[in-house]
Amino acid sequence: MSKRDFYEVLGVSRDADEKALKSAYRKMAMQFHPDRNPGDEAAEAKFKEVNEAYDTLKDGQKRAAYDRFGHAAFENGGFGGGGGAGAHDFSSTMSDIFEEFFGMGGGGGRRSGGRERGADLRYNLDITLEDAFSGKTVEIEVPTSVTCDDCSGSGAKPGTSPTTCRTCGGAGRVRAAQGFFTLERTCPSCQGRGQVITDPCESCGGSGRKTQERTLSVNIPAGIEDGTRIRLAGEGEAGVRGGPAGDLYIFLSIRPHELFQRDGADLYCRVPISMSTATLGGQFDVPTVEGATSRVKVPEGTQTGKQFRLRGKGMPIMRSSQHGDMYIQVTVETPTNLTRRQRELLAEFEKESSGENHPESAGFFSKVKDFIDNLGA
């Protein structure tokens with residue numbers, strides 16, 4: 001069966017540069033890797049084909065020979081002897097992938113001597129706006145995995161210790177030759193840890209950790225905002241067999257307040273005032289989030305939507321000594337359930353009022369009149 005064109009295998013043009021070749025190879029090698037497709041012979045064959053194509057085209061001399069003579073350049077032991085384009089150690093090309101994704105070759109740094117890092121945990125914490133204003137220390141209960149006290153995290157029964165895996169010699173990986181290729185996989189005997197436990201700890205079953213509820217103190221700084229994430233390093237799940245612990249992430253949510261709305265460091269409060277106060281002027285007291293009150297003076301003729309600014313009465317700004325402002329927005333409330341005398345007084349006022357008393361409505365209806373007159377012209 002004839003081989004497919006190497007450029008067609010990788011899905012690139014014949015003038016593709018080194019970056020394009022590497023990108024195409026990385027994508028296809030990940031897609032058809034045997035570990036991702038266990039038992040799939042078609043995927044394994046495709047994986048070999050992709051590796052052979054990339055091994056040839058990434059080498060300047062091999063690529064020049066291939067461009068000139070095609071597959072014939074590597075037949076009958078041609079081009080440099082040895083195994084030709086197929087003589088390829090998978091671990092060398094896969095290092096391209098690990099270097100780009102993890103900044104290291106081989107990708108085997110996650111486990112060492114059977115010690116595996118514990119998982120990170122998430123905890124959702126609701127607080128009040130008052131808590132966010134003043135800051136506080138909160139105690140939380142977190143169910144998590146902790147290091148087993150009986151075996152000190154080793155997973156082995158007290159008095160014994162893990163032994164080096166005979167299958168992989170402690171490397172955690174095994175290699176198998178398949179034709180021209182050498183494939184490296186996780187050791188099936190130790191699951192990549194490099195060590196095996198023949199006599200596991202009875203308390204933890206050999207994992208080196210057990211489930212326990214922990215009480216932790218979380219410091220909530222003053223001025224913290226909704227959605228903030230707090231990281232507690234090393235407070236996540238304990239690592240397997242003495243490995244380092246993961247981290248705990250606290251996600252903050254601030255509960256809605258019945259009086260205030262927050263926008264960054266500023267607070268907003270809507271206050272209804274009587275028609276007489278808005279007309280004649282007056283004053284009223286408003287609460288602040290710190291638990292005090294501030295007086296707001298209302299000038300004569302105040303309209304709905306008017307805002308008053310109280311400087312420094314908002315939320316504290318983190319990592320500074322400053323505070324935001326509080327904005328009071330008034331709404332003029334129309335009186336209801338009037339008595340007979342109140343109706344008479346309002347009727348007398350309406351008779352005596354003019355456009356000067358209601359400049360906004362007078363101006364609006366003047367525009368309406370002009371609009372209708374223009375339609376009839």
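In which sense do β11 and strand β12 (residues 248–254) pair, and over how many bridges? The pairing is antiparallel and extends over 4 bridges. The numbered points below place this pair in its surroundings; the model under discussion is a predicted one.

1. Overall content. The secondary structure of the protein chain amounts to 9 helices and 18 strands. Of the 377 residues in the chain, 34% are buried. The chain exposes about 22900 Å², and carbon and sulfur atoms supply 48% of that area. Among contacts between residues at least 6 apart in sequence, 63% join residues at least 24 apart.

2. The sheet that contains β11 and β12. These two strands belong to an open sheet of 3 strands with the order β4-β12-β11 and mixed pairing. Its edge strands are β4 (121–127) and β11 (229–232), each of which pairs on one side only. On average, neighbouring strands of this sheet are turned by 25° against each other, direction ignored.

3. Leu 232 has Leu 248 in β12 as its bridge partner, and Arg 231 stands opposite Tyr 249 in β12. In a regular strand, side chains alternate between the two faces of the sheet. In β11, Ile 230 and Leu 232 form the covered face, whereas Arg 229 and Arg 231 form the uncovered one.

4. The nonpolar cores. The largest nonpolar core has 36 residues, and those with the most contacts inside it are Ile 140, Ile 220, Ile 250, Phe 284 and Ile 328. A second, separate core has 23 residues, including Leu 10, Leu 21, Tyr 25 and Val 50. Leaving aside residues up to four places away in sequence, Ile 250 touches Tyr 123, Leu 125, Ile 140, Val 218, Thr 228, Arg 229, Ile 230 and Leu 232.

5. Helix α2. This helix covers residues 18–32, 15 residues in total, and reaches 21 Å from its first C-alpha to its last, close to the 21 Å expected at 1.5 Å a residue. Its buried residues are Leu 21, Ala 24, Tyr 25, Arg 26, Met 28, Ala 29 and Phe 32. An α-helix has 3.6 residues a turn, so residues three or four places apart point the same way. Two of the buried residues of α2, Leu 21 and Tyr 25, are also members of the second core.

6. The four-stranded sheet. A further open sheet is formed by 4 strands in the order β13-β14-β18-β17, again with mixed pairing. Its edge strands, β13 (261–263) and β17 (307–310), each pair on one side only. Neighbouring strands here are turned by 30° against each other on average, direction ignored. Strand β14 (residues 266–274) and strand β18 (residues 326–333) pair in the parallel sense over 8 bridges. Val 271 stands opposite Val 330 in β18.

7. The hairpin of β15 and β16. Strand β15 (residues 282–287) is joined to β16 by 6 bridges, and the two run antiparallel. Pro 287 has Thr 293 in β16 as its bridge partner. The hairpin has 5 residues between the strands, and Gly 291 takes a positive phi near 100°.

8. Lys 210. Which strand holds Lys 210? This residue lies in strand β10 (residues 209–220). Lys 210 counts as partly exposed because its relative accessibility is 28%, and the range for that class lies between 20% and 50%. Apart from residues up to four places away in sequence, Lys 210 touches Thr 144, Ser 145, Val 146, Cys 148 and Asp 149. The C-alpha atoms of Lys 210 and Gly 153, 57 residues apart along the chain, are separated by 9.4 Å.

9. Positive phi outside glycine. Ser 152 is not a glycine, yet has a positive phi of about 55°. Ser 152 is placed in the loop between β5 (136–147) and β6 (163–164). Its relative accessibility is 60%, so Ser 152 counts as exposed. Asn 337, also a residue other than glycine, has a positive phi near 55°. Asn 337 lies in the loop between β18 and α8 (340–352). At 76% relative accessibility, Asn 337 likewise counts as exposed.

Terms used
Residues numbered from 1 in each chain as written. Predicted model: local features only at pLDDT ≥ 70, side-chain atom pairs only at ≥ 80, totals over all residues. Heavy atoms only, no water. Pairing = 2+ DSSP bridges. Axes fitted to C-alpha atoms, helices over the stretch in contact; angles between N-to-C directions. Expected span 1.5 Å × (residues − 1). Buried < 20%, exposed > 50% of the residue type's maximum accessible area, 1.4 Å probe, protein only. Core = buried A, V, L, I, M, F, W, Y, C linked by side-chain atoms within 4.5 Å. Contact = heavy atoms within 4.5 Å. Areas by Shrake-Rupley, 256 points an atom, 1.4 Å probe, with all protein chains shown as cover.
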